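Subject: Structure handover

Hello,

Here is the structure I promised to pass on. Please open it and keep it beside you while you read my notes below.

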Amino acid sequence: MTIGESLDRAFVRGRLAADEALALAEDDGMALQSLMAAAAELRDRGHGDLVSYSPKVFIPLTQLCRDVCHYCTFAHPPRPGEPVYLGADEVLAIARAGAAAGCHEALFTLGDKPELRYAAAREALAQLGHGTTLSYLAKMAGLVLRETGLLPHLNPGVMTRADIDALRRVSASQGIMLECAAERLGQRGGPHFGSPDKDPAVRLATIRIAGEAAVPFTSGILIGIGETRCERVESLLALRDLNDRYGHIQEIIIQNFRAKPGTRMAEAPEPDLDEHLWTIAVARLLFGPDMNIQAPPNLNPAALVEMIAAGINDWGGVSPVTCDHVNPEAPWPALDRLARQTAAAGKHLVPRLAIYPAYAREPQGWLDPVLRAPVLRVMDAEGFARPDNWIAGSGSLPPAGIAPLPALGEREGPADPRIKSGKEGEPRLAAILDRAAAGEPLSEAEIVRLFQVRGSAFAQVCEAADHLRRRVNGEIVSYVVTRNINYTNVCYFRCQFCAFSKGKLSENLRGRPYDLDLAEIRRRVEEAWERGATEVCLQGGIHPEYTGATYLSVCRAIKEAVPGIHVHAFSPLEIWQGAKTLGRTVPDFLRELKQAGLSSLPGTAAEILDDEVRAVICPDKIKTAQWLEVMEAAHAAGLRSTVTIMYGHVERYEHWARHLLRIRALQSRTGGFTEFVPLPFVPMETPIYLKGRARRGATWREAVLMHAVARLALHPGITNIQTSWVKMGSAGAAFCLRAGANDLGGTLMNESITRAAGAVHGQEMPPEAMEETIRAIGRIPRQRTTLYADAPAARRAAAFAAAPLTDPINTPARRYERQPQPAVG
């Protein structure tokens, strides 16, 4: 079999077989460019257009080491007057500087067990109250985690199972470089002579134990220290065998040797660029599309584009604060230069955490319980680092430097003419957008791809969504004058994302339980009508004393008070529960409600329409199929509805895609949904977030994309995409109106549910503010009804002449208040 045939088979199988890789090492005739092209194609299958890096600080806890590697300048013997270990204050100062600079990782690098060689290390540890360097490392890593939120990554050398277990409790990831599996490099005259911890068997044992302990682990090889190509391949195969068994190696580093003055290898030849590129390409071909292959950018700074072309997808840790203490002669490239060079290779630079996305998305399997909340709070739904501090509902403005919808023709082209970018550079993305615009159904994988876009591809998706919005809706942005009436906050469900519900079993008591009487509901409806409302929207907790008769009486009371107002009320959860309490079928109960005055349903309680997610966030709530069943029955009864998604907590992009596909499928049968409403999770006061079990909501990019992708994935069935000013803020909502949305929602008058979760955007956006927001982006405002007809002129006139709201009266539900617990002792 030829080498070319081996590469073809590797691409079909996903990786080279061991014998094929060894044959490749012995074949000097294989063109490097062909090898790199095959590796890059395989890399793109797993990582697309992303190249990651970890914003980090480098904490050299000690530079004493019992080993004497002949190429190393990091380790040195004790020096008079110089502390052996960094003190806690020094460690924290470095970490805090990193946190202030936007870092996520605290990389602890240190010599291997210096106390076994130096009395000075033993004495220093005794003064610090520790018996071993690893004990002190655990203390400092825990301190950094608690005080700064940086995620420790630990490189302490050879470890036992007890060592790894102890460090797992204070770190997101650990690592040890194999360097080379060739034992001969430890013989006299070799680079590892006199370094017992560089014994390949010992290092491989540490990597194996880390796999048994389920620790996300970093390893790799150092090339150019006297090894052969075959020995490199054998080293990579040894790592691959361990990863095949445990799945814990999250990255493979291909590091090139740099000769350093003052070392025994100061005059040794460094590997040339082709050797480095060959090894990167072979590593990619050996490990396949999904492995993270890394090359340090500061050790080959003139060849960044070439290293990407050879198959890497990660630059490793890059620090804006500290130098590379292992290679102090090689400064980190500035992040703007790294981003430009990455873009020149047709890729987008994205920050990650010390723990890679695939592992961060599975915290139960890979992280100690202590680390799960810190990781969740700094990651996005894909597992990458949150790139900014925007949080839905918090009052934070859209991140600086993100311009909406840059024209494709205005973007910088690639520096290398061989590399394509933008729409031309990813035919798959362009094809997805074209199919969506044509109204063709997208697959789950295609929708996930749209949610994954970043950089120029993000702008491309937003632009496509906005173009489709313009085609469907023109330049009009609609809104409705409505009043929210949350009739009770007493609820016997225990949804983990909810900070609104109150009662003896509720987990959040911001505010007191209340239960509005019919007189107060009528008063609010009458006031809403006087202020120009065409609609009242009623939702609330599932009160344990409510039955279907309660909901019927509410509808009748409203229609008696204001016959002309549209009653938009009761989610599928209330419908399901109401029908059950009366012993009615859902269709029968819906018909009764319609006769009592119900006009349409809000599409809330959907959250994420996937039972894997619902089992975590609302396990006692109606299931996906039940929610869809209620909506199908409502549409059949002539009751139209909205549909929502509440996202940014525990779910992933595939769950978003499934939600959209289920909505599209139901709409294709009924046509009953009037609009799709993305509701980003507002985390601040919710039980699931306060317990450390949820992310900090959607990132800004994700929040915008939900509007854009919904426009594309739901076309042509759902023609209206609404943006929530309560969640997004007015500036954020304006951005979304340029990314596929065409509706600004309701004026609200009152809003309780989102405010209970900690949101600060207020309770009302009057029509004057609505129209000012719309005109500010060059669009035409239109006041509408619930069903998207033009609001009557009399209603519009009343809305613009509205008197201030009177204070609402929340009738106390004292029976459901918690009694204060007596003091103990």
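Start with Pro-716. Pro-716 sits in the loop between helix 28 (700-713) and helix 29 (725-736). The peptide bond that joins His-715 to Pro-716 is cis. Its omega is about 5°. Bear in mind throughout that this is a predicted model.

Which residues other than glycine have a positive phi? Lys-113 is one of them. Its phi is about 40°. Lys-113 belongs to the loop between strand 2 (105-110) and helix 5 (119-128). Is Lys-113 buried or exposed? Its relative accessibility is 19%, so Lys-113 counts as buried. The cut-off for buried is under 20%.

Glu-179 is another residue with a positive phi that is not a glycine. Here phi is near 70°. Look for Glu-179 in the loop between strand 4 (173-175) and helix 8 (200-212). Glu-179 has 10% relative accessibility, so this residue also counts as buried.

**The whole chain**

Now zoom out. The chain has 825 residues. How many helices and strands are there? The chain holds 32 helices and 18 strands. Along its principal axes, the C-alpha trace spans about 100 × 70 × 45 Å.

The radius of gyration is 30 Å. A compact globule with 825 residues would have a value near 28 Å, so the chain agrees with that expectation. Of the 825 residues, 60% count as buried. The accessible surface comes to about 30700 Å². Carbon and sulfur atoms account for 53% of that surface.

Take the contacts between residues at least 6 apart in sequence. Of these, 78% join residues at least 24 apart.

Next, find strand 10, which covers residues 476-480. Four of its five residues are buried. Which strands pair with strand 10? Strand 18 (residues 780-784) is one partner, and the pairing is parallel over five bridges. Opposite Ser-478 you will find Asp-743 of strand 17. Val-480 stands opposite Gly-746, again in strand 17.

As background, strands of a sheet pair through backbone hydrogen bonds, either parallel or antiparallel.

**Two buried residues with polar contacts**

Glu-251 lies in strand 6 (residues 249-256). Its relative accessible area is 5%, so Glu-251 is buried. Which side chain makes a polar contact of 2.5 Å with that of Glu-251? The side chain of Tyr-356 does.

Thr-133 is in helix 6 (residues 133-148). At 1% relative accessibility, Thr-133 counts as buried. Its side chain and that of Glu-115 are joined by a polar contact of 2.6 Å. What else does Thr-133 touch, not counting residues up to four places away in sequence? The list includes Thr-62, Tyr-85, Leu-110, Pro-114 and Leu-125.

**Where to look**

For a quick tour, take these stops in order:

- The cis peptide bond between His-715 and Pro-716.
- Lys-113, with its positive phi.
- Glu-179, with its positive phi.
- The polar contact between the side chains of Glu-251 and Tyr-356.
- The polar contact between the side chains of Thr-133 and Glu-115.

Best wishes

Methods
Residues numbered from 1 in each chain as written. Predicted model: local features only at pLDDT ≥ 70, side-chain atom pairs only at ≥ 80, totals over all residues. Heavy atoms only, no water. Buried < 20%, exposed > 50% of the residue type's maximum accessible area, 1.4 Å probe, protein only. Pairing = 2+ DSSP bridges. Rg over C-alpha atoms; globule rule 2.2 N^0.38 Å. Contact = heavy atoms within 4.5 Å. Areas by Shrake-Rupley, 256 points an atom, 1.4 Å probe, with all protein chains shown as cover. Polar contact = N/O pair within 3.5 Å; in protein donor to acceptor, adjacent residues only side chain to side chain.
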